[in-house]
Every structure is written in C-alpha cells, then in structure tokens.
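Here is a short report on how two chains meet. Look at the structure first, then read on.

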Amino acid sequence: MSAGGPAGRSGAHGPLRGREPFPDAARRALADTQLRQNLARATRTIRARRAEVVGEVPDWEALREAGRAIRAEATQRLPELLETLEAQVVARGGTVHWARDAAEATRVVVNCVQATGAREVLKVKSMTTQEIGLNTALERAGIRPVETDLAELIVQLAGDTPSHIVVPAIHRNREEIRQLFRQHLPEAPAALGDDPQELAAVARRHLRQKFLRAPVAISGVNFAVAETGTLVVVESEGNGRMCLTLPSTLVTVMGIEKVIPRWRDLDVLLQLLPRSATGERMNPYTSMWTGVTPGDGPQTFHLVLVDGGRSRALADPIGREALRCIRCSACLNVCPVFERVGGHAYGSVYPGPIGAILTPQLTGRPGDRVTGSLPFASTLCGACLDACPVLIDIPQLLVHLRGVARAGARQGRRPPSPSTLAMGAAAWVMADGSRLGWAGRAARLGRRLPAAGLPPLARWLRTRDLPTPPPETFRAWWARTRRGRS
Amino acid sequence: MVGADPARPVVNARTVVLGRLRRALQPGVVPEPIVRAYRQAGPSPPGAPALLDRLQARLLDLGAGVRRTAPDTVAEVIAALLAARGATTVVVPAGLPRTFVPGAVVDAADRPAPTLDQVDLVVTGCAVAIAETGTLVLDGSPDQGRRALTLVPDWHIAVVAAARVVETLPEAIARLDPTRPLTFISGPSATSDIEFRRVEGVHGPRTLDVILVTTGG
C-alpha cells in the first residue's frame, strides 16, 4: 500500500492486498517445509485446546445462537449504535473521531500523537491498525511505533507481516525468534536459549521501562458497548493493561463493526471469544474502560471510528454477514487450506476463511486478480462454519463472493446484478469437474441447515420448495460403486 | 468533537460514514430478539462451598496460589506469605482494612505510577470472582485502588470474600458497573505466542495469590 492510501485501491500491494494471486502465493508457501511444520504444530495444539474447553460448556450452542443474534443486531442497527456509542464516550470525557478510509484514519491518529509532542508510541496488538497501515504512516511522520504484544514485536523486529489474527507470529518457531531477539534486542543475553519462558523474559525486560515512561499508547478494541460507551480489550500478557493504564494519552482505533448493543451482551461474547480464540476458559486479562476516569488511567482519550469499506460490505445483504466476525481465528485453525499454506499466502492482514470473505469486501475490488482470488482459496469443506462462534456461514459467503469476483472481473467496476452473480457462481462451479464435486458435497452439508441460511434465495423460496439434496451425490455414488472399474 | 485537521473537518467524515451506513441498510428491518437460552446463573448461590472449591481448582490450574482462611486470620496468612518470599515493600489501596498488612504503604493519588515498580507486593480486595473460569474482577473500589496499583508490582495478593464468588460470567456481568474501569484477571500474566506453548509471567504481575475468606471458618 502506498502511504496509507485506501487499501487495494491502486492495485499496489498493501495490508489487504498481496503481490500475487492466491494460487501463486500458495504454491510458493507449500514449498516451505519449515513453515508447514511450524503451522501444523501450532494449529494442532490450538485445535485440541479449543475442542477441550468448548466441549465442557453445556450451553455452547445456545451461546453461539445468542452470539449470532447479537452480532446480527449490531450490523442491522450500526448507524444508530455508533451514534449512541459516540454520545456515551463524549459524555464521559473522551473525544470521538470518524474516518472514511485508511488514509483518513491514519491522519487522525498521527494528529492525535503529534498534539502530545511524543516521538515514540506504544501499541497494543490491533488488527485494525495493521489493516490501515498505521505503523508506516507513523514512521513517515517521524513517530516510532513500538509493538508490545510478544508476537507483534516478533513480526515487527523481523520486518514481517502478521500471518494469523490471534497469533501473528505463528509462522516463526522458537529458534527463529531466539535469533531475532539476539540480533535486535540489547536486553538479550549472549547465551540466550530458545526456551519460550526465557524469550518472554527478554521481552519483559525490553519493554518494562518503555511502559513506565511512554506518554502515548495506541490500541484497538474487541468490543464497544453502545449503551454505556464501554470499550473492551481482551489480552494475555499484560501489555494491553500497561498501555491502557500508564500513558497519559490513549488513542483507540476501532473498525465500526466492533460495536455491540448492550452491556449484557458481554455475557455471551466474553464466553465465546477466549474459548474460540486461544482455547482458554478465560484469557488472563480483560480491560474495560468508559471515557476518562479521574485519577485512574489516561486522562486524554481519543476513539477513532474507521469505516474502511465496512459500509460497502454492509450494503451487500449476503456479504454483510462477514461483519459479525469477532476475530477469534477459530476458522483459521481448522481450515485445511490455511494449515498448509499459512497466512502470508492470502496477502492480507486478514488471512484464512474469514480473511477470504472479508478482504475482497473491505478493499471494494472484488474483480481484482489478487483479492478476487481469495474466495477461491477454499475447498468449501465447512469446517469454518462448524467452528465459528457466531455462526457465520463462511462457505456460503465464499461461493457468493466467487460469483462477485467473476462478475467483477468481466464487467470491470460496474456492480453486478444478483442474477449475474448467481450465474457467475454456477458457471464457475460447473466449469470444472472437481469443483462440481465440492458443490455437491456442500449442498449435502446444506441439508442440515435451515432454508433461512440462504438469504439470497429467501424470497424466491417463500413460494417454492427447495429440493432436498440426496444424502449421496451422483458423483459420490458413482465413485463408490464403480471404484476400480474405470 | 475535535477536528484534528482544520482543512478537513472530522465532522464531515461522520456525516459521510453515517450516510453510507444508512443507505446500506433496508429501512424498516427490525432485528430479531436475542434468545438468551444460555445459563444466566449456575445452580449454586454466591459463596457456596462448591463454588469456592471450583474457584480454587481453577486458580491453581492457572498457576495462582490459593489460601483459605477465616476473617480474623487474614493478616496472619498474608504475614506468612510475606515472610516466605521475603517481601519488604508492600503497598495497599486506601480502602483496604489497615489490619490486613500492618506497616504497608498506602497508595496516594499523587504518587507517580512508575514508582510502583519499586514495590515488591500489592494487596487488594476484589469486586467479584467467577468460579467457572477462575477469574477475579477489580472495579477500582477503594479496597482495590487504581488500575496501575495491581499492574506494576510483580506480586499481587487479592483478598476475596466468599460472598463475592459467583459461578458464571453472566452473574458477574450483572453485578458490575460498566462505567468503572474494570480489570478481569484469570491467573498470572501469560503468553502463548511462541509455538502456542503457554508461558506464565510476561508484563503483568508474575505471581498471583488469592486469599479466600470464608465466614464458616
């Protein structure tokens, strides 16, 4: 991306757009055996932990259903909820800024920092600030951003980009991290080993004095409660608490879809998120604050509300479902494609199944050869839907966005009509025998889902019955009964 | 609202974004009601012995220490912990009973937070504890103090009254005041960022001890 310009707009690479289409990037990633080993080990661990702590919750499905409804309500009431949130934050001493796109958001943040005179700012891990290319914009303004989350620090020291939403350095193993620390951190002893405990201790020493002295911190947010103006940051290491508590100025950058209607909704979301994200019953630290509290924490607080393509996604009645996402990464960890190619192959700060449906919508260039290739980075196996704590029908959105991509590529920038989309998707599926096989399997998966799971067809279906796909597709039957004969 | 850049007033972005969002939504669509079929509370009332056992087990799992004691022996338990670790400087919030740690420094609003780095230990109360997840919640009440107090020192002892122990997260959410600064603490600070192996003790207090105060003795 060029200087915080609207991501992907120019056709240049940036936080949401890689240098090459997914198939090319994936082919190279697949050749990296070290990467595949690192990923396989880490995703296997996460999957096992998640399965264990989800399995012990007797009302998990009721929580998912409530989570889905809460997040759906948030998207349906988005403008009104944002106004309420703004009023509450302002009433409690905060300042609220709005930004149409990445460039405007980074400009607002740079201005907030410049007003304090600070030359260095601490950052809490935040996907939204990665999305808007904030670090590049700060550096251009002569302000040094210091990532304080361990994984983000690793990514920053390596001059890397995040490859996972929750564990951004998942592609690095302990030996690589040891070398990075020895090379870049003066606090690292010459005899530094590769024990994760030892490596974490170096990060603690490195950041301690910065936490105690920094005048400004920048954070993201996991949830923003409209009715109370309360912001929520979920974390593990305590770097979040440090940044949200010790500096005198706090700038929080938030994608507008992070708002939730009411305080009580945290009942649900604070159960779904930690178990889905890191496989913990509860993450070590969660901080909540409302505006400014005299005598406790930053006395100057800015909240920056970023659109960055979210309003465009909202305008697509199918695509908007992606805005329900709470960034837990459960879909990445169960995805057979992600596990093999890793996050960088997607070329976006949002990789994996959720990234494949979010990225082309946020960039607004569905027909682009790079971002438009992402919805095709899936076998439509349905594991992502099974894992999603807010029941986003990712396979359905992938198929929908494949249609959008086809239509977009054919028609340039003219928005395609719904029928063009449907035919585009059908044409793509039927153009290739293996795709048709997947589609048949996907349709059978659909047998388990209510017809309401097909919003594009909902009106059409009101007067028609959807033929129930057979338990076994013709192709599967053929393969089973004719095995070895052809 | 503050327009950070006078050349492009921020209020303009607000109008544009809200306009885009309103155009994106079909008018008159009423969101479906939220069905809260999940557990709003566990079967045990706050402070029930089963809850204390569960909280203790979860805290131990998370790497925290746990002691149980009657109200009149809290000071003795703290003194024993202090002696065992050899802590010399202790800070407490102004609202913590003075008898808990005789000789402790009382935190003052004008004390710069970085100086808390020279303190060995902080002892506080606790607003609510959640048994199911092993979580303590601090809400900045006078017995818990400002957030920096429980963050900068490397050792935190939380004194938890049995009556404040609930079973589930929704029970805790219902009891909390969202306008106060809140900190949910589930064990000592930790990270899983390296190969997804859990490592305890990063930036927050590396040692967490919980004293459960039971009225039944």
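What is the order of the strands in the open sheet of eight strands? The order is 8(A)-5(A)-6(A)-9(A)-9(B)-6(B)-5(B)-8(B), and the pairing is mixed. This is a predicted model. The edge strands are strand 8 (259-260) of chain A and strand 8 (165-166) of chain B. Each of these pairs on one side only.

Where the chains join, strand 9 (residues 285-290) of chain A pairs with strand 9 (residues 182-185) of chain B. The two are antiparallel and share four bridges. A:Tyr285 stands opposite B:Ile185 there. Within chain A, strand 5 (residues 223-225) and strand 8 run parallel, joined by two bridges. A:Val225 has A:Ile260, in strand 8 of chain A, as its bridge partner.

## The interface by area

Contact between the chains involves 102 residues of chain A and 74 residues of chain B. About 8100 Å² is buried between chain A and chain B. Carbon and sulfur atoms give 58% of that area.

Which three residues supply more of the area that chain A buries against chain B than any other three? They are A:Trp98, A:Arg100 and A:Arg204, and they supply 10% of it.

Helix 10 (residues 196-213) of chain A gives the most to the side of chain A that touches chain B. Its share is 11 residues. By class, that side of chain A has 46 nonpolar, 26 polar and 30 charged residues.

## Aromatic pairs

How many aromatic pairs are there over all chains? The count is three. One pair is formed by A:Phe22 and A:Tyr346. Their ring centres are 5.0 Å apart and their planes stand at 50°, so the pair is tilted.

Notes:
Residues are numbered from 1 along each chain as its sequence is written. Chains are lettered from A and ligands numbered from 1 in the order in which they are written. This is a predicted model: local features need pLDDT of at least 70, side-chain atom pairs count only at pLDDT 80 or more; totals for chains, interfaces and linings use all residues. Side-chain values use heavy atoms; hydrogens and water are left out. Contact means heavy atoms within 4.5 Å. Buried area is the accessible area (1.4 Å probe) that two parts lose on being put together, summed over both. Ala, Val, Leu, Ile, Met, Phe, Trp, Tyr, Cys and Pro count as nonpolar, Asp, Glu, Lys and Arg as charged, and the others, Gly among them, as polar. Two strands pair if DSSP finds at least two bridges between them. Rings of Phe, Tyr and Trp (its six-membered ring) pair if their centres lie within 6.5 Å; planes under 30 degrees apart count as stacked, over 60 as edge-to-face and the rest as tilted.
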